[in-house]
Amino acid sequence: MGLYLSPRFLKLGVFSICTVLVGRCSAPQTAPEPKIDQRNRLAEEFIRGKLPLWQHRLHLQDWNVTVLSVHRTDLREHTLGNIHWDKEKRTGVIRVLNASEYGMPFQATLNDIEFTIVHELIHLEMASLPRSEASRSDEEHAINRLAAALIQFEQRDKPAPGLGGPLPPSSNE
Ligand SMILES: [Zn+2]
């Protein structure tokens with residue numbers, strides 16, 4: 001699976017998530033698809049709304065977290081994002097794949113970016129725990145399940161899209 005990560009990377013707190021995120025549901029597409037050159041701007045608006053929300057939910061407000069949209073070449077192969085953090089300074093930088101480079105419908109892209117942000121924030125929650133190369137794969141799987149459960153819980157009470165459901169990404173939320 002190519003999950004090797006050097007001890008130096010582990011020490012720096014660098015993690016990446018798997019590309020294949022099986023079993024996640026994507027909302028049916030009803031909104032018109034934005035053009036490729038608008039996607040990243042719209043996604044950044046979306047991120048600006050979601051990041052503080054999830055930081056608050058996970059009680060990570062004391063961390064100064066930023067999210068950068070990066071090109072695929074800036075990410076490790078087969079990953080869609082990563083996080084680097086400094087525990088002493090309480091800073092974290094999450095990198096997510098630029099929305100214009102996702103090969104999927106825009107709403108599914110936003111869902112995926114949100115999933116990545118939640119996944120990486122959970123890494124911050126666990127920043128104080130001991131880690132090892134041996135536990136890394138299990139940790140990634142556990143974090144994926146937690147992130148999926150949290151997002152599913154959030155969406156549980158929302159009406160289906162097209163029925164007055166979640167606002168399109170260009171709206172103020
Ligand atoms: Zn991860």
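The pLDDT is the predictor's confidence in each residue, on a scale from 0 to 100. In this predicted model, local features require a pLDDT of at least 70 and side-chain atom pairs count only at pLDDT 80 or more, whereas totals for chains, interfaces and linings use all residues. Residues are numbered from 1 along each chain as its sequence is written. The protein has an average pLDDT of 80, and 72% of the residues score at least 70. The pLDDT falls below 50 over residues 1–12, a stretch with 10 contacts in the model beyond near neighbours in sequence; two residues are in contact if their C-beta atoms, placed from the backbone, lie within 7 Å. Over residues 161–173 the pLDDT is likewise below 50, and this stretch has 18 contacts beyond near neighbours in sequence. Where pLDDT is low, the predicted coordinates should not be read in detail.

The protein contains 4 helices and 4 strands, where helices (H or I, at least four residues) and strands (E, at least two) are DSSP runs numbered from the N terminus. From the N terminus on, the order of these elements is α-β-α-β-β-β-α-α. Of the contacts with a separation of 6 or more, 76% are between residues 24 or more positions apart. Buried residues make up 27% of the 173 residues; a residue is buried if 20 or more other C-beta atoms lie within 10 Å of its own, exposed if 12 or fewer, and partly exposed in between, with C-beta atoms placed from the backbone.

Helix H3 (residues 106–125) has 20 residues and reaches 29 Å from its first C-alpha to its last, close to the expected 28 Å. The expected span is 1.5 Å times one less than the number of residues in the helix. Because 16 of its 20 residues are buried, H3 is largely enclosed by the rest of the structure. Helix H4 (residues 133–155) has 23 residues and reaches 34 Å between its first and last C-alpha, close to the 33 Å expected. In H4, Ile 143, Asn 144 and Ala 147 are buried, and the buried residues of H4 pack against H3.

Most residues other than glycine have a negative phi. His 59, although not a glycine, has a positive phi of about 55°. His 59 lies in the loop between helix H2 (36–57) and strand E2 (64–70), and it counts as exposed because it has 9 C-beta neighbours inside 10 Å. His 78, also not a glycine, has a positive phi of about 65°. This residue is found in the loop between E2 and strand E3 (79–86). With 13 other C-beta atoms within 10 Å, His 78 is partly exposed.
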